[in-house]
Amino acid sequence: MMYLRPNVVIEPLIDQWYAWSHLLSPATSAMNIVGRHLRIMDSFIQAPAVHEAAVKNPKLRGGPFMDVPPQKVEAIKALREKTVLEQESMIAFAAAIRELDRLLKTKADGHSLQPLYPCIPPLLKGYVELFYDLNNNPSFRLFEKLLYKSPYYDTRRQSIALWVTNNDERPFVLSTPRLPSEEVLHLPLSFNDPLIDRLSAMKRRPDDVSAIKAALSFSGEAEEALFDQLFTDIPPPPYDKYTGDKARMRYFGHACILVEFNDVSILVDPLISYYGYESSIEHFSDFDLPPTIDYVLITHNHQDHILFETLLPLRHRIGTVVVPKTAANSLQDPSLKDMFRNIGFRNVVEIEEMDSIEFADCTITGIPFLGEHSDLNVQSKMCHLLRIREFSILFAADSCNIEPAVYDHVQKLVGNADVLFLGMECDGAPLTWLYGPLLTEDLPREKDHSRRLAGSNYQQGIAMVHSFQPKEVYVYAMGQEPWLEFISSIKYTPESNPILESNRLIDDCENAGIVSERLFGEKEILYTV
């Protein structure tokens, strides 16, 4: 009977690329294969030295540059050939979406769309509905549930990489595939495989390694030996259960907050760092999470707020996942409920703006989430107001308060918030950094850079403070912790605009008698409720 080592990474992959939400939904996955993966591989193959230089330049961090040594160019060529061969249908599906877009732009002139249905590309027939908005602009919606049951959702593309980490350093994963390595074990497991739950549980509970091995197949003795090295007979530190009569809030880094009260646990935007190696930054890890997590709250569909590397290993411990609802069924706004259910999460609840979930002495209310999505019609974003008896915490995540009147209206309905958590990454990447592969036409640079993935600046943040009159304000979700760089690419200096803007907000709050701090590393607070 052995334990899984605490610093074993259970890394989900799709086509050897790091699995994030836009690679799971069939339509967005197809567009990212063509518009991101193939483009980056082609660029690297043509000029590997350019990529090698770019990843060393701090100004280009997070760009479309592969963090792979130039001598690996043959391995990237092989991965490209494999992608073109095995994902032929997905590549064709992406081409069909572009063809449909051209059809609507050239043929949909305000007359009935019914005559256009025979012209829909064959690969899309039965998977889309055409429509106009009220200004006669044509578009289409996807039948995502059908797509998840179609050949375009192939769980054979999914795999798990197991490896031991001894630091927080990793290449930026959106632009760097996972190549074969002597230190990394690849398992052809789909994300809904219950074996992932059994392996993950071994970080806390010992299990029979031979029984796990019997359920797997290894290509040779080297892989089997690598698997054996992932386990230890040393038990983990015991979980220190919170038994106090207050509500305990723990900050795990970025936008990840754990709230515990009366044996109820609520985890917001799970992104958990590892335990088992030395770190210069004090931080909570998996071993600071309770054995059962009653509710996981997801604020929005960005890769630093939905991290499957954290979520899949926690799946067996999660009661209910609460996700924002979308009715768009569009490329830019796939259904989170469908996504979570298709990777093995059974109890997934959608919440709309001003909807509430009540349990014990707690209420979770969905609050409008503004901006931050480059002016795209994205509905799957939600702030969460957690009320414990008369005490309330508002998790505003990256909401960019571009219209303060919205939160003035909300406050009249829900009252003030005792504590406000607010993201202030107010520069943000341009639209194409995340959504570029979904665009069917190139966006001029000046327009692209005007539409940012940005949170609130000082003026927008202080307006939210004025709306909800909190007693405490915490700036979070800034991507500063070192274990975030591989997914966010952010690295600030004291002169960075988000730091200056958040400093100004913190100073103003403190001058007004409001407890205020920009969170980093770890933080624990007890609240009387």
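Helix axes here are lines fitted to C-alpha atoms over the stretch in contact, and the angle between two of them runs from 0 to 180 degrees between N-to-C directions. The model on display is predicted.

**First stop: helix 2 and helix 4**

Select residues 26-46, which form helix 2, together with residues 73-86, which form helix 4; their axes approach within 9 Å and cross at roughly 150°. Angles over 145 degrees count as roughly antiparallel, so helix 2 is roughly antiparallel to helix 4. The crossing of this pair is left-handed.

To display the contact itself, show the side of helix 2 that carries Ile-33, Leu-38, Met-41, Asp-42, Phe-44 and Ile-45. The residues they meet in helix 4 are Val-73, Ile-76, Lys-77, Leu-79, Arg-80, Thr-83 and Val-84. Sorted by class, this contact comprises nine nonpolar, one polar and three charged residues.

**Second stop: helix 15 and helix 17**

Next, select residues 458-468 (helix 15) and residues 497-511 (helix 17), whose axes come within 9 Å and cross at roughly 30°. Since angles under 35 degrees count as roughly parallel, helix 15 and helix 17 are roughly parallel to each other. Helix 15 passes helix 17 in a right-handed crossing.

From helix 15, Tyr-458, Gln-459, Gly-461, Ile-462 and Val-465 take part in the contact; from helix 17, Glu-501, Arg-504, Leu-505, Asp-508 and Cys-509 do. By class, five nonpolar, two polar and three charged residues make up this contact.

In soluble globular proteins, nonpolar side chains tend to be buried together. The largest nonpolar core in this model has 104 residues, and the members touching the most others are Leu-100, Leu-162, Phe-227, Phe-340 and Phe-345. Centre the view on Leu-162: beyond its neighbours within four places in sequence, Leu-162 contacts Val-8, Val-9, Ile-10, Glu-183, Val-184, Leu-185, Leu-187, Leu-199, Phe-227 and Leu-230.

**Last stop: Glu-309**

Finally, select Glu-309, located in helix 10, residues 308-314. Is Glu-309 buried or exposed? Its relative accessibility is 5%, and buried means under 20%, so Glu-309 counts as buried.

Residues up to four places away in sequence aside, Glu-309 touches Val-9, Ile-10, Pro-12, Tyr-18, Arg-170, Tyr-274 and Phe-486. Of these, Val-9 and Ile-10 are also among the contacts of Leu-162. For a distance label, pick the C-alpha atoms of Glu-309 and Ile-160: they are separated by 9.7 Å, with the two residues 149 residues apart along the chain.

How values were computed:
Residues are numbered from 1 along each chain as its sequence is written. This is a predicted model: local features need pLDDT of at least 70, side-chain atom pairs count only at pLDDT 80 or more; totals for chains, interfaces and linings use all residues. Side-chain values use heavy atoms; hydrogens and water are left out. A nonpolar core is a set of buried Ala, Val, Leu, Ile, Met, Phe, Trp, Tyr and Cys residues joined through side-chain atoms within 4.5 Å. Buried means under 20% relative accessible area, exposed over 50%, partly exposed in between (1.4 Å probe, protein chains only). Contact means heavy atoms within 4.5 Å. Helices (H or I, at least four residues) and strands (E, at least two) are DSSP runs, numbered from the N terminus. Angles under 35 degrees count as roughly parallel, over 145 as roughly antiparallel, 65 to 115 as roughly perpendicular and the rest as oblique. A crossing is left-handed if the near helix is turned anticlockwise from the far one by less than a right angle, and right-handed if clockwise. Ala, Val, Leu, Ile, Met, Phe, Trp, Tyr, Cys and Pro count as nonpolar, Asp, Glu, Lys and Arg as charged, and the others, Gly among them, as polar.
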